[in-house]
Amino acid sequence: MVKNMLTGLQAAVLGGDARQLEIIRKLTELDAKIYLAGFDQLEQSFTGAVKETLEDVPFEQLDAIILPVAGLQATGEIETIFSDKNLRLTEDMLKRTPPNCKIFTGISPALLSNLAEKAGRQLIKLFDRDDVAIYNSIPTAEGTVMMAIQHTDITIHGSEVVVLGMGRVGISVARIFKSLGAEVKLGARRSEHLARAIEMGLTPFQIGRLENEVKTADIIINTIPHQVVTASAIASMQAHALIIDLASKPGGTDFRFAEKRGIKAILALGLPGLVAPKTAGQILAKVLVDLLKEDA
Ligand code: NAP
């Protein structure tokens, strides 16, 4: 039976940003005992949460470790905006946890996956989940509207917007621009995606025809994590066209050629955390709590 509270559960929140505050708030409200490392500059306090140095976290007692959404940095450090101190998660720390202790992250760079594997602990990537991706697409789409407003001198209403990709983000982005009165074209490769685009009142096209379809576009928004906005597509764009690339690093745009041609192209990553950290934190907190309750 799924419990209502998390009484008795012990978790460590190691570093992070404003999103972690929502997670800490939610977990402490549900009576979990929380250890915070990397929060020494945080003035706010939470009943049921204690600040520790990373070395003093009682790893032996933990049911869960909650890392920042990016997992670990390339240097192996845990990023935190609430401390100047370096936080380095070690294999030994993970090995000290009980075998059923779970490690939660947004995404997992290879370094983190290797560490968890070597320690034999389960790593849960929240951003791999469909529900999280769909919820997150809402602040992502709103952030994209913000970028479009900031970087153009025309209204979205009446502008021609090309959205590439019909996944979780592409659908939300296309819908929001359409609802603001843009003429939205949708580029995808699967016939069912093109059919869905028609149902949504968009103008679909095969992604292979991108070069022809961007000629009159004002804004091109890419959500496909492959190089699709090629030099030849960029060469056919109008000089004032704006490319907003949402796809994870390195994006799907030939940025070098865009710069050479004088077309503004922005790799706009991490929009949920930027435009709506509270909502983005609540999204993660909700899913995290559901998962922890299943285990409790
Ligand atoms: P998704 O649901 O997997 O959608 C990806 C889309 O790309 C699908 O429509 C897929 O179509 C298409 N695609 C993949 N490879 C393709 C190719 N070679 N040619 C044509 N189409 C291709 O992913 P998502 O959740 O929408 O996320 C999209 C990207 O945005 C990811 O990189 C994600 O990390 C990123 N993201 C960024 C932000 C931000 O703030 N910038 C926020 C959230 C997510 P098929 O079904 O045909 O493969």
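Author: Let us begin with the largest nonpolar core, which has 32 residues; among them, Leu27 and Phe104 touch the most other members. The model is a predicted one, in which local features require pLDDT of at least 70 and side-chain atom pairs pLDDT 80 or more, while totals for chains, interfaces and linings use all residues. Residues are numbered from 1 along each chain as its sequence is written, and side-chain values use heavy atoms, without hydrogens or water.

Reader: What makes a set of residues a nonpolar core, and which elements give two or more residues to this one?

Author: The members must be buried Ala, Val, Leu, Ile, Met, Phe, Trp, Tyr or Cys residues joined through side-chain atoms within 4.5 Å. Buried means under 20% relative accessible area, exposed over 50%, and partly exposed in between, with a 1.4 Å probe and protein chains only. The contributing elements are β1 (10–14), α1, β2 (33–37), β4 (64–66) and α11, where helices (H or I, at least four residues) and strands (E, at least two) are DSSP runs numbered from the N terminus. The largest share, eight residues, comes from α11. In soluble globular proteins, nonpolar side chains tend to be buried together.

Reader: Which residues are in contact with leucine 27, leaving aside its neighbours within four places in sequence?

Author: Contact means heavy atoms within 4.5 Å. By that rule, leucine 27 is in contact with Leu6, Ala32, Ile34, Ile66, Val289 and Leu292. Apart from this core lies another, of 27 residues, including Val145, Val173, Leu186 and Ile244.

Reader: Why is isoleucine 266 called buried?

Author: Its relative accessibility is 16%, and the limit for the label is under 20%, so isoleucine 266 qualifies. Isoleucine 266 is in strand β12 (residues 264–267). Beyond its neighbours within four places in sequence, isoleucine 266 is in contact with Met147, His151, Leu242, Ile243, Ile244, Asp245 and Phe255.

Reader: Are glutamate 213 and lysine 185 buried or exposed, and which network includes them?

Author: Both are buried. Their side chains meet in a salt bridge of 3.1 Å, N to O. Glu160, Lys185, Arg209 and Glu213 are linked in a network of salt bridges.

Reader: What makes one space a cavity and another a pocket?

Author: On a 1 Å grid over the protein atoms alone, a cavity is a set of points where a 1.4 Å probe fits but cannot get out, whereas a pocket is an open set with protein on both sides within 12 Å along at least five of seven lines; lining residues have an atom within 4 Å of a point. Points are joined across faces, edges and corners, and the volume is the space filled by probe spheres set on them. The count comes to one cavity of 30 Å³ or more, and about 50 Å³ of space lies in the largest cavity. Among its lining residues are Gln20, Ile66, Phe104 and Leu284. The largest pocket holds about 1,500 Å³; of its 44 lining residues, the closest to its centre are Val169, Pro225, Leu246, Ala247 and Ser248. Helix α4 gives the most to that lining, with four residues.

How values were computed
A salt bridge is a side-chain nitrogen of Lys or Arg within 4 Å of a carboxyl oxygen of Asp or Glu.
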